[in-house]
Amino acid sequence: LIINTAQLFYVGLFVLVISLSILLARQFADAFEGVTIANSKLSVINHELEIKNNENLEKNEQLTKLNHELDSLVYRTSHDLRAPIASVLGIVHAARIEINPEDFHQYLDMAEKTLGRMDFLIRDIIDFSKNKRLELDLKEIDFKLLVQQSREDHEHADKALSINTEVEIVQDKRFVSDPRRASMIINNLLSNAIKFSDESKEKQWIKIKVTVAENMASI
């Protein structure tokens, strides 16, 4: 029962080695392809993480800036509010010990002026809050109209009647910006000029000058 054949042992061994080599090569190729795909995905994820980290850094910087602005606002607001409150408390105390009834009107006038200044401050805080929330609304701006409206808003303010206002507007070019914010700037400048005017001067005046150039306006 022995079949005499040629010596095929080494041929079989050679075929076995070649087959195992091909099999291992294919497995290595599949593994390498999987690693390459994983590396590509990991590279994309790393890039996305880098973008997220940069966004987080920017947001942290913005948050730090906002916290600094908030601290500054709280400090200035508390300082500015405490002064008129202390003034009103002093007026109330003086009015209580006043004997002459005719002098009560003087104390009431003083309290009214002090509360008026406090009202200006509170409105400034509200404007600041609105300015942070409102989106930009870009429109063509007529500075003559904005200044006129601001003057009308302040013409009955305390001390405004004794102040002469001059207006000079040079606007030959089209100017586009946010009218609400531009109006807010002019209102704040005008209200501060009236609020902190020097009553000891015989002639008080405010000059509003607006010059519109290419893509900019100087107020």
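A polar contact is a pair of N or O atoms within 3.5 Å, where within protein one atom must be able to donate a hydrogen and the other to accept it, and where residues adjacent in sequence count only if both atoms are side-chain atoms. The structure above is a predicted model, in which local features need pLDDT of at least 70 and side-chain atom pairs count only at pLDDT 80 or more, while totals for chains, interfaces and linings use all residues. Residues are numbered from 1 along each chain as its sequence is written, and side-chain values use heavy atoms, with hydrogens and water left out.

We can begin with the helices; helices (H or I, at least four residues) and strands (E, at least two) are DSSP runs, numbered from the N terminus. Asp178 caps the N-terminal end of α4, with a side-chain oxygen 3.0 Å from the backbone nitrogen of Arg180. At the start of α3, a side-chain oxygen of Asp142 comes within 3.2 Å of the backbone nitrogen of Lys144.

The expected span of a helix is 1.5 Å times one less than its number of residues. For the 17 residues of α4 this gives 24 Å, which agrees with end C-alpha atoms that are 24 Å apart.

Which residues of α3 are buried? Taking buried as under 20% relative accessible area, exposed as over 50% and partly exposed as in between (1.4 Å probe, protein chains only), they are Phe143, Leu146, Val147, Ser150 and His154. These residues lie on the same side of α3 because they cover an arc of only 95° around the axis, the arc being that of the directions from the helix axis to the C-beta atoms. Ser150 has a relative accessible area of 1% and is therefore buried. Its side chain makes a polar contact of 2.6 Å with the side chain of Asn187, a residue of helix α4 that counts as buried at 18% relative accessibility.

The sheet comes next, where two strands pair if DSSP finds at least two bridges between them. Three strands form an open sheet in the order β2-β4-β5, with mixed pairing. Because β2 and β5 (216-218) stand at the edges, each with a single partner strand, one side of each is left without a neighbour in the sheet. β2 and β4 pair in the parallel sense over eight bridges, and among the facing residues Thr165 has Ile206 in β4 as its bridge partner. β4 and β5, by contrast, run antiparallel and are joined by three bridges. These two strands form a hairpin with two residues between them, and Asn215 in the turn has a positive phi of about 60°; Asn215 is exposed, with a relative accessible area of 70%.

In a regular strand the side chains alternate between the two faces of the sheet.

Finally, a nonpolar core is a set of buried Ala, Val, Leu, Ile, Met, Phe, Trp, Tyr and Cys residues joined through side-chain atoms within 4.5 Å. The largest such core has 16 residues, of which Ile141, Phe143, Val147, Ile194, Ile206, Ile208 and Val210 touch the most other members. The elements that give two or more residues to this core are α3, β2 (163-170), α4 (179-195) and β4 (204-213).
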